[in-house]
Amino acid sequence: MKSPLVFVIAAMVTCIVAQDPYYVWPDVFNDEERDAFYYGQFPDDFKWSTATSSYQIEGAWDVEDKGESVWDTFAHEGTHVANGDTGDVACDSYNLYATDVQLIKNMGLSYYRFSLSWPRILPNGRPDSASADGLRYYNALINELLDNDINPQVTLYHWDLPQALEDEGGFLSDDFPQWFNDYATYCFEQFGDRVKFWITFNEPWIIAVLGYGDGVFAPGLNGIGDKVYNVSHNLILGHAMTYRTYDSTYRASQMGEIGITLNSDFVEPYDRSIPSDVEAASRSLRFGLGWYANPIFKNGDYPDIMKEKIARKSAAQGLASSRLPEFTEEEKNMIKGTYDFFGLNHYTTVYCVDSDQEDLSNPPSYYKDGDVNQWKDSSWPSTGSSWLHVVPWGIRRLATWIRDEYGQDIPIYVTENGVSTKDVAELNDEIRTKYYTSYINEILKAIRIDNVNVKGYTAWSLMDNFEWAAGYTERFGLHYVDFSDPERPRTPKASANAYAQIVADNGFNSGSTVTGALCLLVASTLLALINAFVPSTCFEF
Ligand code: BGC
């Protein structure tokens, strides 16, 4: 006799096979092993967050005694930002911060990453100019967050340097590390009783290369062959000095964590079977991420490959010394190990090959110093930003690369990840929902399959905001902001709900389980019907 069980099993198998494996981007990526969706949960103490930065959302650029920042100056010049946009009003979060806190709460998040505006707190950049209104504003924001059970994750510097300090040389001044340390000390004193997570700098690479190299970001200087290295040198010293200050003076009483946030694309060798492609990829990552990570997370100094190449090229270019400055032994000891965590901002991936020949030509350029050619594959899904293609598997590979290069134990926080759309009034933002789902899934694989120590994830951004040189033409928000309305209303997009669901589930509940349960229900109903209406002899052969 053929038991009804046969039908039940057949029904279940059909259901499960029909939906596995599941791919978020079946139309573009379809490497079975790499891209299949992974069901499971994040560790219980995983920290879910979303982020913004001061100049991008606050507005109130000249309220009370606030000092001007380099971005105020740069945007007001009118020629550097799309449509002549500025952050004068932006999302008006200076006035609407309590609304922002509710948006964060509605998504079920327990963390919020935002930055402090240095010139709002210290109008001339130095503690002797401390602003009562700056202090009032950030105290109000921090208290509002804590009242709503949201922990502040504070970035001390997200690109809005006081113009007064830029006028004295900014990051190019040897005094920069001390200026930054004094500002940070003031912030630890004022806010450290409540802030337990500090990030010194957001994306040093962008500060140096786009701000002082290409000049497309404030302060708009051109020094791609040399200034970029001096800026980065002072920044690393400022970071290290500040970490040491926190460590020696505040950690015992305030018990917080402090680190730095670095940005990096993943660099994929175009052909993994060609050794020079593989070497070029490592070299590119060391010239980008390693420029800052090697001194801080490894040995207090720049990667050897950077030191060798830049010294050789500088000599060929007729210079008396290398364009890459040197740290003293004392500085190396001060810099090494200045981290409690690794903050990682990641958006996209590039392919690379070796450039075949060492480029010794003049004028020098950071872009030529690594001798790597890289590009984005045009088949990878495009977004609202030309530089950002969707490549979910890149974030997993980058996380494992960081683990392998800097050490298994370093806690990694993804402090930014997200995607843009063009300036369209679109609430059903399917691409963003897919982007978050697939990138977060790759992080889950990094944790569960590769054993990488990722402790938290931060979606960029809480809401649409001033996207630097692109102004308001590109939108990264989980919430839509109507910039034509003086009230700056915020409306959740579909991606805000999708992200909230991932957070509520602390990962991804198994589709197989859900479908399997459904199948079981269907099968057992079927079985009951069979038992009730069909005589058992029907199943005899
Ligand atoms: C920056 C953000 C920016 C985002 C998207 C990151 O590099 O930290 O300020 O809005 O990328 O471009």
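A residue counts as partly exposed when its relative accessible area falls between the limits for buried, under 20%, and exposed, over 50%. The legends below describe close-up views of a predicted model.

**View 1. Glu 68 in the loop between α3 and α4.** With a relative accessible area of 39%, Glu 68 is partly exposed. The loop that holds Glu 68 runs between α3 (54–57) and α4 (70–76). Leaving aside residues up to four places away in sequence, Glu 68 touches Trp 61, Thr 73, Pro 119, Leu 161, Pro 162 and Gln 163. Of the pair Glu 68 and Leu 161, the C-alpha atoms are 8.5 Å apart in space, although 93 residues separate the two in sequence.

View 2. An N or O atom in the side chain of Glu 416 is 2.8 Å from an oxygen atom of the ligand. For the side chain of His 158, an N or O atom is 2.9 Å from an oxygen atom of the ligand. Tyr 347 places a polar side-chain atom 3.4 Å from an oxygen atom of the ligand. On its own the ligand has 310 Å² of accessible area, of which the protein covers 94%. The largest pocket is the space taken by the ligand.

**View 3. Helix α10, with its buried residues.** Helix α10 spans residues 204–211 and is largely enclosed by the rest of the structure, because 8 of its 8 residues are buried. The buried residues are Pro 204, Trp 205, Ile 206, Ile 207, Ala 208, Val 209, Leu 210 and Gly 211.

**View 4. Lys 422 in strand β12.** Strand β12 comprises residues 421–422. Lys 422 has a relative accessibility of 47% and therefore counts as partly exposed. Its contacts, not counting residues up to four places away in sequence, are Gly 384, Thr 473, Glu 474 and Arg 475. A polar atom of the Lys 422 side chain lies 2.8 Å from the backbone oxygen of Gly 384. Gly 343, 79 residues from Lys 422 in sequence, is 27 Å away in space, C-alpha to C-alpha.

**View 5. Glu 329 in helix α15.** Helix α15 covers residues 329–335. Glu 329 has a relative accessible area of 55% and is exposed. A polar contact of 3.0 Å joins the side chains of Glu 329 and Lys 332. Glu 329 and Tyr 302 are 27 residues apart in sequence, with their C-alpha atoms 13 Å apart.

View 6. Most peptide bonds are trans, and most residues other than glycine have a negative phi. The bond from Ala 218 to Pro 219 is cis, with omega near 5°, and Pro 219 is found in the loop between α10 and α11 (227–254). A cis bond also links Trp 460 to Ser 461, with omega near 20°; Ser 461 is found in the loop between β13 (454–460) and β14 (474–475). Met 255, in the loop between α11 and β6 (257–263), has a positive phi near 55° and is exposed, with a relative accessible area of 64%. Asn 506 has a positive phi of about 50° and lies in the loop between α19 (494–505) and β17 (507–508). At 14% relative accessibility, Asn 506 is buried.

Conventions. Residues are numbered from 1 along each chain as its sequence is written. This is a predicted model: local features need pLDDT of at least 70, side-chain atom pairs count only at pLDDT 80 or more; totals for chains, interfaces and linings use all residues. Side-chain values use heavy atoms; hydrogens and water are left out. Helices (H or I, at least four residues) and strands (E, at least two) are DSSP runs, numbered from the N terminus. Buried means under 20% relative accessible area, exposed over 50%, partly exposed in between (1.4 Å probe, protein chains only). Contact means heavy atoms within 4.5 Å. A polar contact is a pair of N or O atoms within 3.5 Å; within protein, one must be able to donate a hydrogen and the other to accept it, and residues adjacent in sequence count only if both atoms are side-chain atoms. Accessible areas come from the Shrake-Rupley method with a 1.4 Å probe; for residues, only the protein chains shown count as cover. On a 1 Å grid over the protein atoms alone, a cavity is a set of points where a 1.4 Å probe fits but cannot get out, and a pocket is an open set with protein on both sides within 12 Å along at least five of seven lines; lining residues have an atom within 4 Å of a point. A molecule sits in a cavity or pocket if more than half of its atoms lie within 2 Å of its grid points.
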